[in-house]
Amino acid sequence: MTHRLLRAVLTALLVAVPTAALATTEDPGAPAVVVTTAPEDVVAWFAEQGPRALTAADLDAPDQLTVGTPRPVARWTEAFLTGQHADQVAEQTAEWVAPVLRQVEDVAEAVAVVHAAEDGGLELVAVVADTLLAETVAGAPEDAVLVADDTVEGWFGLLDGEVRAVSEGARGVLQGSLPPEVFQTFLAGWHGESGTAPPRAAEQEDAAALSPLVPVAIIVVGAVVAWLLVRHYRRADSRIAADVRAGLEPPPPGEDTATEDPAQR
């Protein structure tokens, strides 16, 4: 009986742990921005105006510099900044950014970016001499989203469900990477927002924070219960075995096992 009960407890634990883990897993969502390639007029503008912008920016060795392919620029959505939706992270804007490459022999080194925005036509915003940002713009995968944040004076990247710092300014507020729902709290503080999520979102965050402990708690409680049950039944079995041995063992030599008549005393 003891072994059957122990097997039943262990089976229940093995079934409960994966079920609890799956029940607390949620889709982290994806950015709201749609990444597209730059249209021909944007590419033409960077090819024509990019070199002029580099000359005015007073970069070293301008004759060795070229402007690469422009990419779209995104901004944080209002819903993300106010803590309403962690899955609606960023949205595309009428802004573009292109890497500035320095040709040294056969190696193209990213050294800066050209940032432009449409306002009745493309206009130069700035030439940013940030090597980290330039390397990101030049080598980021096509599905990566580049987010400009004027408040923290930095650029961030969205890739594989994570927010990453992709400029020196952004590294001042974020080291490494964070899931959007975690990064959202810090971002709201930097932008002066309350960062208070709706009750439903707060409940989901609490459940997500507790979810890793659920399988551990199930295992610990189950192990304690199984140990107590085994200990209890082992003691019961020991008592039964002792009684059986006592009934089967013969009396010591010379000891009369007959019942003594009280009248003979």
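Biologist: What makes E95 and R75 a salt bridge?
Modeller: In this predicted model, the closest N and O atoms of E95 and R75 are 2.9 Å apart. The cut-off for a salt bridge is 4 Å, between a side-chain nitrogen of Lys or Arg and a carboxyl oxygen of Asp or Glu. The pair is within that limit, so it counts as a salt bridge.

Biologist: Which parts of the chain does this pair tie together?
Modeller: E95 lies in strand β3, residues 90–104. R75 lies in strand β2, residues 71–76. The pair therefore ties together parts that are 20 residues apart in sequence.

Biologist: Why is E95 called buried?
Modeller: Its relative accessible area is 12%. Buried means under 20%, so E95 qualifies.

Biologist: And R75, buried or exposed?
Modeller: R75 has 18% relative accessibility. That is under 20%, so R75 is buried.

Biologist: How many salt bridges does the whole structure hold?
Modeller: A search finds 2. D150 and R75 also meet in a salt bridge, at 3.1 Å from N to O. That value is within 4 Å, so the pair passes the test.

Biologist: Why does D150 count as exposed?
Modeller: D150 has 57% relative accessibility. Exposed means over 50%, so D150 is exposed.

Biologist: What makes R75, E95 and D150 one network?
Modeller: Salt bridges that share partners join them. R75 pairs with E95, and R75 also pairs with D150.

Biologist: Let us turn to the core. Which residues have the most contacts inside the largest nonpolar core?
Modeller: W76, V147, F156, L158, V163 and F183. The core has 17 residues. At least two of its residues come from each of β2, α3 (78–81), β6, β7, β8 (162–165) and α6.

Biologist: How do you know that L158 is buried?
Modeller: Its relative accessible area is 5%. The limit is under 20%, so L158 is buried. L158 is placed in strand β7. Its C-alpha atom is separated by 8.8 Å from that of V89, 69 residues apart along the chain.

Biologist: What does V163 touch, leaving out residues up to four places away in sequence?
Modeller: Its partners include W76, F156, L158, L174 and F183. G157, G176, S177, L178 and P180 are also among them.

Biologist: Now the surface. Which residues make the nonpolar patch?
Modeller: V182, F186 and W190 make a patch of about 260 Å². V182 belongs to helix α6, residues 180–190.

Biologist: Why is V182 called partly exposed?
Modeller: V182 has a relative accessible area of 36%.

Biologist: Which residues of helix α4 are buried?
Modeller: L132, L133, A134, T136 and V137, in a helix that covers residues 131–139. At the start of α4, a side-chain oxygen of D130 comes to within 3.1 Å of the backbone nitrogen of L132. The cut-off for a polar contact is 3.5 Å, so this pair is within it.

Biologist: What makes the phi of D58 worth a look?
Modeller: Most residues other than glycine have a negative phi. Phi of D58 is near 60°, a positive value. D58 sits in the loop between α2 (40–56) and β1 (65–67). At 65% relative accessibility, over the 50% limit, D58 is therefore exposed.

Biologist: Where does E153 lie, and what is its phi?
Modeller: E153 is in the loop between β6 and β7. Its phi is near 55°, again a positive value. With a relative accessible area of 67%, over 50%, E153 is therefore exposed.

Biologist: What share of the protein chain is buried?
Modeller: Buried residues make up 32% of the 265 residues. The chain has 8 helices and 9 strands. It exposes about 16,500 Å², with carbon and sulfur atoms supplying 56% of that area.

Note on methods
Residues are numbered from 1 along each chain as its sequence is written. This is a predicted model: local features need pLDDT of at least 70, side-chain atom pairs count only at pLDDT 80 or more; totals for chains, interfaces and linings use all residues. Side-chain values use heavy atoms; hydrogens and water are left out. Helices (H or I, at least four residues) and strands (E, at least two) are DSSP runs, numbered from the N terminus. Buried means under 20% relative accessible area, exposed over 50%, partly exposed in between (1.4 Å probe, protein chains only). Patches are made of residues with over 30% relative accessible area and no salt bridge: like charges are joined within 9 Å, nonpolar side chains (Val, Leu, Ile, Met, Phe, Trp, Tyr) within 5 Å. Accessible areas come from the Shrake-Rupley method with a 1.4 Å probe; for residues, only the protein chains shown count as cover. A polar contact is a pair of N or O atoms within 3.5 Å; within protein, one must be able to donate a hydrogen and the other to accept it, and residues adjacent in sequence count only if both atoms are side-chain atoms. A nonpolar core is a set of buried Ala, Val, Leu, Ile, Met, Phe, Trp, Tyr and Cys residues joined through side-chain atoms within 4.5 Å. Contact means heavy atoms within 4.5 Å.
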